[in-house]
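Welcome! Please take a look at the structure below, and then we can walk through some of its parts together.

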Amino acid sequence: MRNYEIAQILYQIADILEILKVEWKPNAYRKAARTIEAMPEDVYEIYKKNELEKIPGVGIHIAGKIKEILETGSLKYLDKLKKETPFDYEGLMSIEGMGPKKVMALYQKLKIKTLKDLEKAAKHHKIRELFGFGEKTEESILKNIELARTKKKRILLGTALPIAEEIVSGLKKYCIDIKYAGSLRRMKETIGDIDILACSENPEKVFEEFSKSGEVIVKGSTKCTIRLNTGFHVDLRIVKPESFGSALQYFTGSQTHNIALRRIAISKGYKLSEYGLFSGAKQTAGSYEKDVYTKLGLQYIEPELRENAGEIEHALKNTLPELVSYNDIKGDMQVHTNWSDGENTVQEMVKAAAAMKYKYIAVTDHAGNLKIANAMNETRLKKQAKEIEKIQKKFPQIKILKGAEVEILKNGSLGVKNSVLKELDVVIGAVHSYFKMPEKEMTQRIVNAMSNEYINILAHPTGRKIMQKLPYGFDFEKIIEASKKYSVFMEINSWPERLDLSDINARKAMERGCRLFVNTDSHSVQNLNLIRFGIAQARRAWAEKKDILNTLDYEKLVRVLKKTSPHSKL
DNA sequence: GCCGTTTTCGGCCCGACTGTTTTCAGTCG
């Protein structure tokens, strides 16, 4: 049972309790759910240590329920609650504008149980007759049912960021300041909607220009929401300059981070809102985001850390890590060319990397017997090595490492002979087949591969693809141990649908003493820019510069690849 | 249901927008 699943159960309880008009308990369950959802440590581990009640927001009762969930896989309390709400509350509440109160009212007055019932009632104009409902509510229900059918759920960070950047740059000329906020600024792997914050002397003009990008859903004096033709929502908020910092703080979230921050504000006699930090009627901070944190007695917290996953406690004690920066990367360690399945030549890739001021780049085309991806055999590897040597002479400012991405076979051996691997500067191992092996065998397979003396990097270690494919089952703890034992380093793959290791797994690995690489797995020149997504996940995992090995100078990097010093001494 | 250098009882983040009703409840973020 994963943290996510436990959180979902607690959210369900909160929803039902809210429908049943129970006071405050929904907040308590929701708070516990959010904490658990964002926690890097497995709840199961905490349960084993008998420390469930140490989780913030979890008291004796919720701890008992988590225990039951972990021990039996279900929860009697939830089953009982579900019986009290014999209608599809989840489906009904998934309709925009439908909350617990309306869902319950419609059930009691019209016996509406399902989305179908709801649609039918609306079409027959039954809803407008009810007290508290009206014609417009009925129309919006019909419209939103239709939209829910086509609605896209969350989208990848790599998809959302360019959209946001385009909107921001288009509106810039009408604004004093404009920035994207929300989960996008926190660089979360998926984004629910895009939040943009601006201050301007002519807000109406900004809203007018903004409205051209999509269909207007909500429009007030300070806020406008549009729907892009992909179904995706973009919010624009306009505030006064003296509130821009506090608004940026507020709209960056996360929600749990903000709630925690506001509680600190209250405990110090302040009130914190998007308009500023107030002591009575007097604003003590607001123009600059940093001031909000400073005035609350906190270290500035980078957006990527704002998940209420320990960052506030550290900020209070001034012990936050100095995160690896977006400029710290000195080279990319996984890059494909047209020797295998990449689009560009070695020279084009090297030239692009040099333009990024990289000090080194590893050319790591697929090698071995992999049927897909045009993998190279021994002869072609040798040929490519010669070409690399030629190109190296043309680009003295950047070191080109000869490498390969090698298949980890079913039994854990590598798809290329050791005598060939020996000649390479860097060897990347990856699982590309037999994803559904039993957990024990998969673990042993990967550990076997890592014990090979020439392998350096384990690529996209869990094999997950966001919103498409779950990680293959294996014991992550054992891989962490193998990583340290054999000096084979896991990567954070920057590809937006991979981001593998994830922020949570990367943090777990680093807490256990692992160092990582951040690579793009580029298949074209443009892909080299994906590195920012990988670095973002490293930052979300609390990585400092020392934790990321491709921040090292070339000379030190080579020592790492030659495995001459143990993992712990790097 | 949780939590406490104001409290073991009595609070619980805060504000915008919409639609309904006519001063506010519900929903959303």
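How many residues does helix α10 have, and how far does α10 reach from its first C-alpha to its last? Helix α10 (residues 157-171) has 15 residues and reaches 21 Å, close to the 21 Å expected at 1.5 Å a residue. The expected span of a helix is 1.5 Å times one less than its number of residues. Helices (H or I, at least four residues) and strands (E, at least two) are DSSP runs, numbered from the N terminus.

Before going further, a word on the model: it is predicted, local features need pLDDT of at least 70, side-chain atom pairs count only at pLDDT 80 or more, and totals for chains, interfaces and linings use all residues. Residues are numbered from 1 along each chain as its sequence is written, chains are lettered from A and ligands numbered from 1 in the order in which they are written, and side-chain values use heavy atoms, leaving out hydrogens and water.

**The sheet and its helices**

Five strands form an open sheet in the order β2-β4-β7-β6-β5, with mixed pairing. At its edges are β2 (177-180) and β5 (215-219), each of which pairs on one side only. From one strand to the next, the twist averages 20 degrees. Two strands pair if DSSP finds at least two bridges between them. Strands β6 (residues 223-227) and β7 (residues 233-238) pair in the antiparallel sense over five bridges, and Lys 223 stands opposite Arg 237 in β7.

Helix α10 lies across β2, β4 (194-199) and β7, running at about 170 degrees to β2. Helix α12 lies across β5, β6 and β7, and runs at about 170 degrees to β7. For these angles, axes are lines fitted to C-alpha atoms, for helices over the stretch in contact, and angles run from 0 to 180 degrees between N-to-C directions. The buried residues of α10 include Leu 157, Ala 160, Ile 167 and Leu 171. Here buried means under 20% relative accessible area, exposed over 50%, and partly exposed in between (1.4 Å probe, protein chains only).

Glu 209 is in helix α12 (residues 203-211). Is Glu 209 buried or exposed? Glu 209 counts as buried because its relative accessible area is 17%. Not counting residues up to four places away in sequence, Glu 209 touches Leu 171 and Tyr 174; contact means heavy atoms within 4.5 Å.

Asp 547 is found in the loop between α23 (531-540) and α24 (554-561). Asp 547 is buried too, with a relative accessible area of 8%. Leaving aside neighbours within four places in sequence, Asp 547 is in contact with Met 510, Arg 515, Leu 516 and Trp 542.

**Some loop residues**

Lys 21 and Asn 318 each have a positive phi in a residue other than glycine. Here they are side by side:

The bond from Gly 253 to Ser 254 is cis, with omega near -5 degrees, and Ser 254 lies in the loop between α13 (244-252) and α14 (255-267). The bond from Asp 500 to Leu 501 is cis as well, with omega near 10 degrees, and Leu 501 is in the loop between β16 (489-493) and α22 (503-511).
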